[in-house]
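User: Hi! I have a model open on my screen and would like to walk through it with you. Could we take it one question at a time?

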Amino acid sequence: YPMSLRQSRMCCFEALKSIPVVFILAIVAWSYYAYVVQMCILTIDNVPKKVIYLFIYHPLLFLFLWSYYQTIFKPLVGPPTDFFVGEAEGERIATAQTLDERRTSLLRFSRRGDLPVLTRHFDGSIRYCFLCRCIKPDRAHHCSLCGKCVLRYDHHCPWTNSCVSYANYKFFILFLGWALVFCTYVAATSLEYFILFWQDVNNSASPGGKFHLLFLFFASIMFAISVSSLFFYHLYLTGKNRTTLESFRAPIFSDGPQKDGFNIGCKQNFQEIFGKIFLTAIIPIWTTRGDGVHYQVNSVLLGGLQQQQQQQQQQQQQQFGNMRYALKTTL
Ligand SMILES: [Zn+2]
Ligand SMILES: [Zn+2]
């Protein structure tokens, strides 16, 4: 019984979480009716104008909805399997008596697995998630709403009911961008009929239809304004190669916090998320570079750090090679 109660609670919670998405889809559905039926078909008399308005409207709506779909449904990417320490090691880390003991076992585990972690917890130890029992890859964080560690965690977005992270960051920015273009287009083309509403509000034949046009203009302006601040903020963050979380709390490297640690130049930062080709950058298909685990760091600020790690890896490989050689000769 307690299990089923918990399950039904979870179900309830899932339903609650999807309310904002349902709300957005309902508004889009209504605005489609208001724009296509009330404005273009019933109000505009000029046929070429009608056709042109509808001809531009549909691709913009499609790009917006496609980006939204991708942001919502792109599966989250968590740490690779070799970042998970397993039950026994997890128990040892959780029950470590001193910070030093814990720090040493985390370091040992990450060295043994050759894990590419450059960032540290503020106490200097390797970042670790007690809930998932895994070493956190650089820029990954645990999302309490999704219940797992997520690569390049940005924030959990209620409007898409998903974690904005490595897997969907490009789609999220495109969702904001296309929403802005779409809303601006609707506002610009419905402005004329919005003004008309105020001019002949008294001798109107169908007041119901006019109210649709009135709210269409209001809603599109409102959404355009609220989305634009978020959109430009995320463009700024992309230019600096920072996640929302990192903009509040700078990532910590072995020699201290460094807010520009992952900043490899504006153009490169954009290419990391969107790829090199402009045409594929603006449509919601996967062009993000990298695996979400390995990150290039700012060579001016942290050049020594990455070199150090590469040297360590080479040394380990050499040791491994020597061992194999020794094994061969003894056999
Ligand atoms: Zn976690
Ligand atoms: Zn989340």
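**A walk through the model**

Analyst: Happy to! V47 is found in helix α3, which covers residues 47-73. Please keep in mind that this is a predicted model.

User: Is V47 buried or exposed?

Analyst: Buried would need a relative accessible area under 20%, and exposed needs one over 50%. V47 has 52% relative accessibility, so V47 counts as exposed.

User: Which residues are the protein donors of the zinc ion (ligand 1)?

Analyst: Let's read them off with their atoms. The donors lie 2.0 to 2.3 Å from the zinc ion (ligand 1). They follow the spacing C-x2-C-x9-H-x6-C along the chain. They are C129 (SG), C132 (SG), H142 (ND1) and C149 (SG).

User: What is the arrangement of the donor atoms around the zinc ion (ligand 1)?

Analyst: Four donors count as tetrahedral if all angles lie between 85 and 135 degrees. The four donor atoms around the zinc ion (ligand 1) subtend angles of 103 to 124°, so the arrangement is tetrahedral.

User: Are C129 and C132 buried or exposed?

Analyst: The cut-off for buried is under 20% relative accessible area. C129 has a value of 4% and is therefore buried. C132, at 18% relative accessibility, also counts as buried.

User: And which residues are the protein donors of the zinc ion (ligand 2)?

Analyst: In sequence these donor residues are spaced C-x2-C-x9-H-x6-C. The angles among the four donor atoms are 102 to 119°, and the site is tetrahedral. The donors lie 2.0 to 2.3 Å from the zinc ion (ligand 2), and they are C143 (SG), C146 (SG), H156 (ND1) and C163 (SG).

User: Where do C146 and H156 lie?

Analyst: The two are ten residues apart and link distant parts of the chain. C146 is partly exposed at 26% relative accessible area, while H156 counts as buried at 15%. As for their places, C146 is in the loop between β3 (141-143) and β4 (148-150), and H156 is in strand β5 (residues 155-157).

User: What is the phi of R133?

Analyst: R133 sits in the loop between β1 (128-129) and β2 (134-135). R133 counts as partly exposed, at 30% relative accessibility. R133 is not a glycine, yet its phi is positive, at about 55°.

User: Is R139 buried or exposed?

Analyst: R139 lies in the loop between β2 and β3. Phi of R139 is near 75°, a positive value in a residue other than glycine. With a relative accessibility of 2%, R139 counts as buried.

User: In which helix do D100 and R103 lie?

Analyst: The side chains of D100 and R103 meet in a salt bridge at 3.9 Å, N to O. R103 is partly exposed, with a relative accessible area of 29%. D100 and R103 are three residues apart, about one turn of the helix, and both lie in α5 (residues 99-112).

User: One more: how many residues apart in sequence are the parts that D260 and R242 tie together?

Analyst: The side chains of D260 and R242 meet in a salt bridge at 3.1 Å, N to O. D260 counts as buried at 19% relative accessibility, and R242 is buried at 9%. D260 lies in the loop between β8 (256-257) and α9 and R242 in the loop between α7 and α8 (244-248), so the pair ties together parts whose separation in sequence is 18 residues.

How values were computed. Residues are numbered from 1 along each chain as its sequence is written. Chains are lettered from A and ligands numbered from 1 in the order in which they are written. This is a predicted model: local features need pLDDT of at least 70, side-chain atom pairs count only at pLDDT 80 or more; totals for chains, interfaces and linings use all residues. Side-chain values use heavy atoms; hydrogens and water are left out. Donors are N, O and S atoms within 2.8 Å of the metal (3.2 Å for Na, K and Ca); water is not among the atoms, so sites may look incomplete. Four donors count as tetrahedral if all angles lie between 85 and 135 degrees; four count as square planar and six as octahedral if opposite donors are over 155 degrees apart and all others between 65 and 115; anything else is irregular. Helices (H or I, at least four residues) and strands (E, at least two) are DSSP runs, numbered from the N terminus. Buried means under 20% relative accessible area, exposed over 50%, partly exposed in between (1.4 Å probe, protein chains only). A salt bridge is a side-chain nitrogen of Lys or Arg within 4 Å of a carboxyl oxygen of Asp or Glu.
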